[in-house]
Amino acid sequence: YECIFGKSLYKRRYIDCVDPIDGKYDKTKTGSGYWALEQQKLGIFIAVNNLTKLMNKKILSLLNGLLDIHEKTRFDAITVLKHPWFKCYYKSYEQRISIKSETQKTKLAEQSNKMDKFPYYKSLY
């Protein structure tokens with residue numbers, strides 16, 4: 001969000017939900033960036049804040065996936081790469097990305113085996 005629009009969507013959830021008049025925490029407070037994410041209204045938030053000139057459907061879809069507050073439905077790296085916004089990039093580098101991913105999996109497995117033999121990690125479990 002910040003890379004596209006040049007400013008943070010929100011600072012801290014607590015601050016977003018504090019009533020500026022009485023200072024009390026109010027989870028239902030509307031209008032903040034975090035509220036927009038919770039309510040799945042990021043597009044409306046962007047429009048209300050006059051940022052639509054920087055947005056299109058592909059960017060909004062990507063941002064919604066990346067900023068999803070539910071971890072299980074949030075985009076992972078492969079989903080991001082296959083997203084329409086990155087379509088040309090992924091098409092050009094798909095084979096290279098697949099090879100690199102396999103190489104990284106192999107290296108991770110090797111490192112994991114080395115760490116199993118390291119005395120410090122044995123004492124943690």
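1. Glu-102 and Lys-105 are three residues apart in helix 7, which spans residues 87-116, so about one helical turn separates them. Helices here are DSSP runs of H or I with at least four residues, strands are runs of E with at least two, and both are numbered from the N terminus. In general, an α-helix has 3.6 residues a turn, so residues three or four places apart point the same way. The side chains of Glu-102 and Lys-105 meet in a salt bridge, with 3.5 Å from N to O. A salt bridge is a side-chain nitrogen of Lys or Arg within 4 Å of a carboxyl oxygen of Asp or Glu. Glu-102 is partly exposed, because its relative accessibility is 47%, and Lys-105 is exposed, because its relative accessible area is 53%. Buried means under 20% relative accessible area, exposed means over 50%, and partly exposed lies in between (1.4 Å probe, protein chains only). The structure holds one salt bridge.

2. The model is predicted, so local features need pLDDT of at least 70 and side-chain atom pairs count only at pLDDT 80 or more, while totals for chains, interfaces and linings use all residues. Residues are numbered from 1 along each chain as its sequence is written, and side-chain values use heavy atoms, with hydrogens and water left out.

3. The protein chain has eight helices and zero strands. Of its 125 residues, 22% count as buried. The chain exposes about 10100 Å², and carbon and sulfur atoms supply 55% of that area; accessible areas come from the Shrake-Rupley method with a 1.4 Å probe, and for residues only the protein chains shown count as cover. Among contacts in the chain with a separation of 6 or more, 36% join residues 24 or more positions apart. Contact means heavy atoms within 4.5 Å.

4. The largest nonpolar core has twelve residues, including Tyr-1, Phe-5, Leu-37, Phe-45, Ile-59 and Leu-63. Two or more of the core residues come from each of helix 3 (33-38), helix 4 (42-48) and helix 5 (57-66). A nonpolar core is a set of buried Ala, Val, Leu, Ile, Met, Phe, Trp, Tyr and Cys residues joined through side-chain atoms within 4.5 Å. In soluble globular proteins, nonpolar side chains tend to be buried together.

5. Leu-60 is in contact with Leu-42, Gly-43, Ile-46 and Met-55, leaving aside neighbours within four places in sequence. At the start of helix 5, a side-chain oxygen of Asn-56 comes to within 3.0 Å of the backbone nitrogen of Lys-58.

6. Asp-68 is placed in the loop between helix 5 and helix 6. This residue is buried yet has no salt bridge, and Arg-74, the nearest side chain of opposite charge, is 5.9 Å away. For charge, Lys and Arg count as positive and Asp and Glu as negative, while His and the chain ends are not counted. A polar atom of the Asp-68 side chain lies 2.8 Å from the backbone nitrogen of His-70. Not counting residues up to four places away in sequence, Asp-68 touches Thr-73 and Arg-74. Glu-38 and Asp-68 are 30 residues apart in sequence, with 8.2 Å between their C-alpha atoms.

7. Asp-76 is also in the loop between helix 5 and helix 6. Asp-76 is partly exposed, with a relative accessible area of 44%. Its side chain makes a polar contact with the side chain of Thr-79 at 2.5 Å. A polar contact is a pair of N or O atoms within 3.5 Å; within protein, one must be able to donate a hydrogen and the other to accept it, and residues adjacent in sequence count only if both atoms are side-chain atoms.

8. His-83 lies in the loop between helix 6 and helix 7. His-83 counts as buried, because its relative accessibility is 5%. The side chains of His-83 and Ser-61 make a polar contact at 2.9 Å. Leaving aside neighbours within four places in sequence, His-83 is in contact with Lys-58, Ser-61, Leu-62 and Phe-75.
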